[in-house]
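Here are some notes to go with your first look at this one.

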Amino acid sequence: MVMKMEIQGLQPKIENEVCLSGEEVLNLINENIRDPNIRGAYVRIFGKDESGQYIIDMIMDKKRILAIECTILNKKEIIHGEEALKKFVELSDLPLVATLYPLDNESFKMVLAKNIEVFSKTPAIPLQEIFKREAKKTIEGAITEAREAREKEIKEIERETEKIKEEKEIKIPEEITINVKGDSEGKVKEALMGYINLLKGDINRQLKGAQLRATRINAEIGKGTVSLIGEFYITANDGNPEVLKRRALFLINKHIPKIMKSTNLKPIIKDLKVNVVVGEVVTSMEEREREDTSLWKLTKPPTHELAPNLHLTIDPKFKQYFTGFARTLLKEIEDEGIIVDNLDLEILGGVKEFEINIKLEGKSKELDEPKLRAIISSLAKRHASELSKIVGKYIWINNVTVELKQPTAAELSAKAAEILKKKKEIEKEVEKMLKEAGIEELSYLLEDKKREIEKTVIKPRIDSAMETLRKKLQENLKSIPNANLRWINVNHEPHENSIEISVKASLAKVESEGLFGVLSTFSEEEIKRKAIDTIVRTIREVEEENQIQIKLKRLDISVR
């Protein structure tokens, strides 16, 4: 599975805008997300330095970077989160090419949910910390601060979610009433009691925090049949009654065919009613269910195959929010060295909250079922909390089931081959990106802008600095005692972030009369040493005054 940002169906508002620096990119972003209907933006940035070319993809709200991915084109590598942030700030003082897609509330949630793995790896850093000049000097501190804030936020969401799931004392008496009319009354009554016990255990396992408190069943035996009228009370500490009703009815119908095995009578459903009791208040749903004549036929939402070993059971209108969650969870489980035969995720709810049930069938050489169950629960809870923040609804993990077997040698070998295959897939994705983005055109835009900057901004600064350097070198070399400056020549060659200079100078040794009429003089080596010290010191002074890096490439000094 290639981890790459998923952005589909969006139209850019700004395309291939050349900016002189990260500060200009930020100005461009702010100008185009001011609309109150805009929640954030997806921004793609192309940049290059002496080491290579890069495409940086970002998702942001109006204040912070929320997800970032960097494609290193010459290495065909993709990095995310903190690594990508550090690479981008290395480029933020250079010219950049930016394309911007504004996001309204729905597209913002959809894009972040699809890219939840990148979101999970990215500390939410304020925009100005990323795009400001010399951001690389402060990025480590900004990452640390944002990472700590993210952990605190996730823990708070998890605490709030747990409050929703807290068990409360429910004051509904536990009772079972079974009335049977007709022959074989004892046999049918025994079968119905077995059915209720089976149902009760399944509800306890499948509907976490819920239980079957009361059941009333009236059965009438006919010729080869048994007609059933049933009423069930399901109690729970909290949650959505509609979700509980759907799931309870599915389980009630699931086990009814088993009555036939012990009675040889075909069960016929006349009426089934479910009363859901949430918290300490009884909420009867009898009237609504009486009106819905086909209610007992309600089943689970449809199952979608996202990959041969990944299945997502969810209402289609919520699918877009959970595909990224499912793929991320599969990838992270596989990263633990697990051979995943099948990963099933069942998502229920959607009105105010979502409940997730996870079932994994796979093979592992190192981990046993309890350890892997704990790992999956931890990963899933974290991503559920992150997704809660994105979609604005509580999401919790209800149940995690793990079935593991020992892998064969052939399966372990196939796992290693799969890792190599994924590396090839990443390389293909980068090649595809190169074609789609038109890198040659973007590179030309940057070079063209650099020439423009060099002509209008950088060249005058360089010329001014070089003129100052020449004058100061002449003045300072003339002040060396017992020597006269004959001539000096300074040549320079501008580079992307610096200037390389070559200095040639000729000095004449002067003899002078010292105390008591004795001739005083310096040696040629002493004069040359003083000249070198003077030239190096002068270069550093001009560097600091003009904020331009000057590299001394060649130095020739002659003394006569």
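Predicted model: local features only at pLDDT ≥ 70, side-chain atom pairs only at ≥ 80, totals over all residues.

1. Residues are numbered from 1 along each chain as its sequence is written, and side-chain values use heavy atoms, with hydrogens and water left out. The protein has 15 helices and 22 strands; these are DSSP runs numbered from the N terminus, with helices being H or I of at least four residues and strands E of at least two. Of the 560 residues, 47% are buried (under 20% relative accessible area, with exposed meaning over 50% and partly exposed in between, using a 1.4 Å probe and protein chains only). Among contacts (heavy atoms within 4.5 Å) with a separation of 6 or more, 69% join residues 24 or more positions apart.

2. Helix 1 and N32. Helix 1 covers residues 22–32, and its buried residues are G22, V25, L26, L28, I29 and N32. Why do they lie on the same side of helix 1? Because they cover an arc of only 160° around the axis, the arc being that of the directions from the helix axis to the C-beta atoms. Those buried residues pack against strand 1 (14–19), strand 2 (38–48), strand 3 (53–61), strand 6 (96–104) and helix 5 (127–131). As for N32, its relative accessibility is 10%, so it counts as buried. Setting aside neighbours within four places in sequence, N32 is in contact with K13, I14, L100 and P102. One of these, I14, is 18 residues from N32 along the chain, and their C-alpha atoms are separated by 8.5 Å.

3. Aromatic pairs. How many aromatic pairs does the structure hold? Five, where rings of Phe, Tyr and Trp (its six-membered ring) pair if their centres lie within 6.5 Å; planes under 30 degrees apart count as stacked, over 60 as edge-to-face and the rest as tilted. One of them joins F88 and F131, edge-to-face, at 5.3 Å centre to centre and 75° between the planes. This pair links distant parts of the chain, with F88 in helix 2 (residues 81–91) and F131 in helix 5, 43 residues apart. Both F88 and F131 are buried. Then there are F322 and F325: their ring centres are 6.3 Å apart and their planes at 70°, so this pair is edge-to-face. F322 and F325 are separated by about one helical turn, because they are three residues apart in helix 11 (residues 319–335). In general, an α-helix has 3.6 residues a turn, so residues three or four places apart point the same way.

4. L387. This residue lies in helix 12 (residues 369–391). Is L387 buried or exposed? Its relative accessibility is 0%, so L387 counts as buried. Leaving out neighbours within four places in sequence, L387 is in contact with A113, I116, Y321, F322, F325, G392 and I395; F322 and F325 are the pair from point 3. L387 and K109 are 278 residues apart in sequence, yet 9.2 Å apart in space, C-alpha to C-alpha.

5. R247. Have a look at helix 8 (residues 241–255), where R247 lies. R247 is buried, with a relative accessible area of 9%. What is it in contact with, leaving aside neighbours within four places in sequence? The list for R247 is Q206, L207, E346, L348, E355, N357 and N398.

6. K266. Strand 11 (residues 266–278) is where K266 lies. Not counting residues up to four places away in sequence, K266 touches G224, T225, V226 and M260. Between K266 and S227, 39 residues apart along the chain, the C-alpha separation is 8.4 Å.
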